[in-house]
Each structure stands twice: as structure tokens, then as C-alpha cells.
Amino acid sequence: LKASCSTQFVSMAKSTPLLSENGKVTKPRTFFGYLPLRQEFFPLDPATGNIDTVRVTANVMAGCIIGIRQTLSAIVSATLVFTTSNDPAITDMFPFGISMMWWSTMAGSAFYGIFGRLQYNTNATQEICAILYGAMASQAAVHLTESGHRERIPATVLALIMVSTVITGICSFLFGKLGIGKFMLAFPMPVTNGFLGTIGFFLVKEALAITSGVPFKYFYPVSFERFLAPRSLAPVASLFAMYFFMKHGPTLLVKTFSSSPSVKRLAGLVCQLMPLAFFYVVKLALGLSLDVLSEEGWTYPTQQAGNFWTLWTTYKLRDAEWSIVLAQIPNMFSLVLMSILCTMSGVLGIMGKFPTGPDGDPSPDDVIDFDTELTTVGMSAVLTGLTNGVVTFHRLGSSIQIRMDGGTHRIAVLSSAGFVGLWFFSSIPLGHYIPKFFLGGLFLQSGWSLLEGNVVLAYKSMPTSRYTFFGRPMVSLQYWVAVVCVIVAAFSSPFTGIGAGLIMCLLGFLGQSSTVNPVSSMSDGKWTMSRTMRPFWELKVLRQDGDRIVILYLQGQLFFGSGQALASAIAQVVEGSDSVQYCILSFAKVTGIDASACKHLQSALSRAGRRGCKLIFCRMSPAIFEAISASGVIKLPDKDLRDVLESAAHKGSPPEEDENEAVDADHNHTEHSAGLGMSPFRRRSSFHAHGEGDNDAFDHETDALDYCADQILKKHCYADQASLKDYMVAYRQTCDLGLRLTDHVFETMNGLPSGFMQCLQAHCKVDASLAPGHSMTDGTALYFLFQGAIATVDRLKVKEGTHILANMNIKGFQGRGGGQRLRKRYPPGSVVNQTSFILSRSEHLLDKELQADMVISSKFGLCSEVWSLPAAAWASLPMDMQNTIDKMVMMHQSEQRQHTLLSGE
């Protein structure tokens, strides 16, 4: 049947083209994995394309060697599930359990061998999951014994195994299909260590209990007298002798036969089987029968031989106590978690050992899709669960070993599954022939490896704590999460230990989050100004009174653990000085916010208002803006921002970029829409009508700083106009009302002689009514701005073939629009593009990509008047006019440099 299925799938795969449209080799896929290819099943001769029989033989041998390990591992898993509870009803299921594990290993490995991505990976039963199965079985037996329904124990145990396996498969499949499997890789390492350490502890405990024949309570035997008796100590001594032989024997063999590649490949397996062979040598030498050894506790009792179909006929699900099965469902999710984590770690381990695929892999350099791996393993678990099997997933050690032994193709994996299948279909009662100390040695090897790597020595891979003990730094507090997991599990169950680890991790996260400052940095209006150019007299006032503005740059996730810290930081800033009138909160580095943090912001807003300080919000993502506005913290967004939200609500998606609408890199309708990308605007009615108060939300720090600076200047600069010169007052009126500067005011502001602009006009191109969004196309001209504003904008230009990560912003271009940024905004009275104008005349100007685009802004009116002096007209100017312009340009360059020191660029 398997052969015919394989042939069918191979023919299906051959009918699917290997090359995609772009010429890249791809594998044909199904909804749960991949379809196999002939070149993956059998090694092919590269010259002829025929099957390479020599390499096929090597693959089959490698698969059979791994099959031996898989067969023994299945017996180990059955032992953990069915012999660790000391309940006779479960222990009697041991032969049935061996058959179950053989079937699961054979079916799971064959399923992945056909549909999996890694053509050399072997799936098998795992001791980690067996411990959890055994814990559920023990709890079910206790409940049924207390209720007087012991006859239902076997069927209930089978139902528990089947249901938990199917649930694990479904969850794994859904995790893969929903694309969230890869996020399990971000699971906290201390908790994962605790999970694995807990399993390791139980493996060590069960190794001692099974070998000695004395049950353990917590972490010690129930009877030390029985445990220390010669009948118990002899098997325990054999257990430790086997463990040390398996640990150090391979190294000694490799050193002794360093030139033999066969020894290097088989040393581990030989040292694993040698104790079993030595046991039978001693048995034959002493003339002991297995029945005598069974009575003395060295082996399990004689098991009656059966048929393989008894796996499906021995117990009936209708005899199960389903209320107990339903009560165990919460514990089943520990099995789900362990299965998914171990699948992920198995894939990572295999790919870490072999970064590229072997011969026959159509895409050997492709990155493995973790979600597809979970989907394939999940489907396999559903099928085995429905057929009285258990969960199987990537067996890291076996998968690495089979490839190192020459098993590079799927025929090796199927050979391994076939070897285990021989034992399953033969139904040989192998459990009677395996001594307990041998099984215990395998337990001890796996258990101590898990304990040592994840608990005992885990501190070596963690940072030290800030606390010291007698002058020496203590281990990280994260280390104790794993320790607590093991201790709690020792006194309760593996499920409780895993739960304790999760709780400790959550408490540690909350504790750590409460100590992380949600404010990454801060500044004030004296040292941080907007990118809008201002005349020198306004800058002087802001340098004097700019400390009335404070800006806090927030960071990270704002939630119930950090919201209080943020509110305290705001209160400390506002109440620390009586002069603070505006506190700007920048959310540029905030990844998310919850309702609790919004509630703390609401409290901070009220508290700051009582002190006469106004909170201003800016640089919010759509989700953050929606969360804050829903809480009622934001009442009056900036008009531009409001228009964007309303536009997004009508259109349902960001509008396409239109050059004629690109009013300003920080203040245009297009960029607002593209940057915010709001979902339908549902809370529009909660905002005040425009004009009913002062704005409290802006899209960018420049907007917020402009707003706050204007308020400061009205009170501390322009309130007493008698102390100002006429051109200063005229300038402010021009900016506020969108008027045109007179030639006289322009000349006075720029230190030009009276009548200079009238003489210069003959050499300039005059545009008296430029609309917002108009681009100034002459990149080397000098522009004189009489009305409105010009914004210089950097636009992101990505060359073809440049590698850009998906969903990744380009440094400096993560603001509105995602592809442009504001350098400066120039108000009326400015002279723009001096650098390019000067460098072009001397041919020192570099490529045009360094030049910013110049567009008309709408911030100072809906109409702009610009005079442009082309670089080519410079030679026709009289010398005195050239000298005057040079002097003016020098002053402007110096002022811009001074402004850049305060605003950045």
C-alpha cells in the first residue's frame, strides 16, 4: 500500500513543473505540505539520470540503523506512558502501548518522509510528550479509582491519548495555516528551559523508579529500606554503569579507532546496545531464565504475543469515561505547547547542522518555512491520533545521524519507518526481553541531558544579576524560572510546573516592564525647534523662553505595566518647573498602547491641566491614535490631521499619491493619508469642531513644535509690538494672514539696499500665483520667496535590485508617506537653494540625488509668489549686484546652519 501511494505521489509531483515563472526551482505543494519528487526519493546518477543503486543501498542501511534507535525509543516512550503510574490497569497496557508507539513512529515517519520538506528528517515519538501522556493517564486512574470505575481506566487512557493527539495536531495545523507558528520562536527562553528541565527531572526520577522497582514520591523513594536493598541496588548500579558507558564510551572508541569512519558513525549506537548485549552474556553465563529475572525485578513479566490489529480492537472508546477526558483538556494544551516548541527547535537544530539541502533537493538553499513544517506535523498528528497513535515530530538526533550516515534521500526515511513497521506487524512482545535498567539508562541519558542543559548549567548562557553574593555576581534572575518549574513539578505534576513557569515569566515581565523607562529621551524648546525656518528675532525669543516647551520621546509598548511610569514621568516634568506650558509627547518609537495606559494618560492630562500645562500628542500610528482618541484624551486634532482621517473614512484606504497634492513633506493631504492609513474613522463625532479650541494632536514633531512656538511668540514676542521694528510686525502679519511681503520689508529682512529687488526683477522669472504642490524644477536657481512657503523634501529613490526588507522602514524615511522627509520649510522673506546655486556656478555640485525637491507648501497660505534667478543669469548681473547677493547668501547660509543645530535635518 505504501509503495503504491508513493508511486502515485511521485507521478503527481512529476506532472507539476519544477520551474516557476521566474525560473526559480520550487517544490509542488499541498494544503498540508509538499508533494515528493523522484529525485528526492532516490539518489540519481548525475550523468545518466538513472537510479544510483550503490547510494540507494547506503541510504537503506542508514535508515535501518536509525530504525533500530527508533524501535528502542518507541519502547522507551511506551514505558513512560504505561509503567510510571504503578496502577496495574495502566501497567497491563504496556504491550498495547509498545504497539501504539511503533505504529505512531512508523506512520509519522512515513507521512513526513512523503510530504515533509526535509527529505532526510525522521519523525518519531518523543519522551517529552510521553511524560505528559503518562501524567494525564495517572490522574485519570486516580479519579476513576476514587469513583469506583476502575474497569474504565484502559479505555479512558486510550481516549485521553487520542483526543490530546488530535487536539495537538489541529492546533499545530492551525498555527501553521494562520502564519503564527514562527512567533513561538520568540517564546521566553527561561520558560522553555523550565519546560524541558521539568521533563528531564521526571525522566531521571522514572529511570530510578523503574530500575529499582520502588515508587518515588516527589523526588525520593517511598521506602529507602527497599531502595537500598541489594535487590534494588544491583539494577540501579547497572543503570549508572550503562549511563557512564553511553556517555564516555563513544569518545573512547573514536580515539581508539580514529581512522575508521564506520566507528565514528556507529560508536553511539554500539555503546547504546552494548549493555543490552552484556546483560544477555551474563544471563547465559549464569544460566538464568527470563522468568527468574522477571521475578527478581530485572525485566517486565512475560507478555502474550498478539496481532498488530489488536491496536484497534483491544479497547473501545465507548467504554471511556468522557467526563474525565473533558476535564483533562486544559492539561492537553501543555502537550500542544511542547509539541510546537519542540518542532520549531528541531527544525532549527537540523538546519543549524545542515544549512543547505542534500543532493536531490530541488531548492537546497531555500529558507525552511516553519509554518509549513507545523502544518505537516499537525496533519500527521491528526491522522495518528484518529488511528490510536500519539504525536510525532522532528527527532533531532536521528535526523542528523541519518544524514551523516549517508541517508540523504527519502528512501532512507522510509527504510527507517519500514524497519519499525516490521516490529509492529510482527507483534513480537519485545518488552519482556528488554531489561528495566536498560530502559532506565535511556531515560537517565535523556533526562540528565535535559536537566544539565536547561537547568543545571543554563546560567552559563545568561547574563549575571546586578546583585552580588560575597562580592561575586549572582546568576541571572531568569535562571530561577527554570529551577522553580522543576521544584513545583516535583511536588505536584508536570502541568503545574509548566504553569508555574509561565506565571513566573509573566511576573518577571511585568516587573521588568515597570522598571523600564517609557521615556527614551527628552528636550525642550530652547534646544529642539521645528524644521520651519524662523527669523533671528523669533529664534532669540525661543532661545530665551523655549524652556516653556518640553518634548518627551516615548518608546516601547505602553501598557498596564508601564502606563503608571509614563504618567509619573509627565507629572515630574510638568510639576518640576512652573514655566512649563506645553508638554509634547512623541509616539514615534511606541509600538502599541492599551486601555490601561490610555487611562493613565487621561489622568496625566487632567493633572497637567491643573498646573496650566497643555499636553500635545504627535507621531502616532493609526492604531495608537485610535486607541488614545477612543479614551477621550484627544479632543481637537490639527485640521490637516482631521482632514486626513475624514478622507480615510470615506475612501476606506489611503489615496494614491498625486504630485499636485504633495503640498508639504510634513503637511500634505497625500502624506497624511499614506502615513496614517486609518481604518474607517469611527470616532469623528467625539472631537470638538474646528475652531472651538486649541489643537492637541499633530502628525509630526515639527507641527507640534510650530504650534507651541507660535503660542509662545504671541505672548512673549508680538504682544508688545511697540518694542518691535515695523518690518518684524509686517512679517508676522504676512505669515498669519497669508499676505505678500512688500519689497521694502523683504529687502530689510535680508539686509539688501532699498530698491535692490526692483533692479533684480528684470533678471528673474516671477511666478506670482503658485498653488500648493507645485514643484520648483530648476535645481540650480536661487529662489526669492515673497508669499507663501517652500518646503525642501527628500524623496526615497530605490534603485532596481536594491534589497529592502519587507515591512521595514528606511532610516530617515519612516515618517508621513514612508518615502519622503522634510528637510526645511521656508516662510516668506526666505532665499532658497543657495547651496546648489553657488556650487553649480563652480561645477562643484554633485549628483542630483543629493538635492532635495522643492515644492510649494500650504502652511503659510494657498498662494505663493516666488522669484527665481537662474544660475545662467549670474554672469549678466553687474558686479555690485553680485557682491550684494553673495553677502546675502552668506548670511542666509549661516542662519540656516544655526537653525539646523537646533532643528536637525
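Mentor: A salt bridge here is a side-chain nitrogen of Lys or Arg within 4 Å of a carboxyl oxygen of Asp or Glu. The model we are reading is a predicted one.

Trainee: How many salt bridges does the structure hold?

Mentor: Side chains of opposite charge can pair when their charged atoms come close. Counted over the structure, the salt bridges number 20.

Trainee: Which residue forms a salt bridge with Arg150, and how far apart are the closest N and O atoms?

Mentor: Arg150 sits in the loop between α6 and α7, and its partner sits in the loop between α3 and α4, so the pair ties together parts that are 63 residues apart in sequence. The partner is Asp87, and the closest N and O atoms are 2.8 Å apart.

Trainee: Is Asp87 buried or exposed?

Mentor: Buried means under 20% relative accessible area. Arg150, at 32%, counts as partly exposed. Asp87 has 11% relative accessibility, so Asp87 counts as buried.

Trainee: Where do Arg611 and Asp578 lie?

Mentor: The side chains of these two residues, Arg611 and Asp578, meet in a salt bridge of 3.2 Å, N to O. The pair links distant parts of the chain, 33 residues apart. Arg611 is in the loop between α24 and β12, and Asp578 is in the loop between α23 and β11.

Trainee: Which helix holds Glu701?

Mentor: Glu701 forms a salt bridge with Arg619, with 2.9 Å between the closest N and O atoms. Arg619 lies in the loop between β12 and α25, so the pair ties together parts that are 82 residues apart in sequence. Glu701 is buried at 9% relative accessibility. The helix that holds Glu701 is α28.

Trainee: Over how many bridges do β10 and β11 pair?

Mentor: Leu558 stands opposite Ile593 in β11. The strands β10 and β11 pair in the parallel sense, and the number of bridges is 9.

Trainee: Which elements do the buried residues of α23 pack against?

Mentor: Helix α23 has 13 residues and reaches 18 Å from its first C-alpha to its last. Its buried residues include Leu566, Ile570 and Val574. The buried residues of α23 pack against β9, β10, β11, α24 and β12.

Trainee: Which residues does Met888 touch, not counting residues up to four places away in sequence?

Mentor: Met888 lies in helix α33 and counts as buried at 2% relative accessibility. The C-alpha atoms of Met888 and Leu752 are separated by 7.4 Å, although the two residues are 136 apart along the chain. With those sequence neighbours left out, Met888 touches Asn750, Leu752, Phe784 and Val831.

Definitions and conventions:
Residues are numbered from 1 along each chain as its sequence is written. This is a predicted model: local features need pLDDT of at least 70, side-chain atom pairs count only at pLDDT 80 or more; totals for chains, interfaces and linings use all residues. Side-chain values use heavy atoms; hydrogens and water are left out. Helices (H or I, at least four residues) and strands (E, at least two) are DSSP runs, numbered from the N terminus. The expected span of a helix is 1.5 Å times one less than its number of residues. Buried means under 20% relative accessible area, exposed over 50%, partly exposed in between (1.4 Å probe, protein chains only). Contact means heavy atoms within 4.5 Å. Two strands pair if DSSP finds at least two bridges between them.
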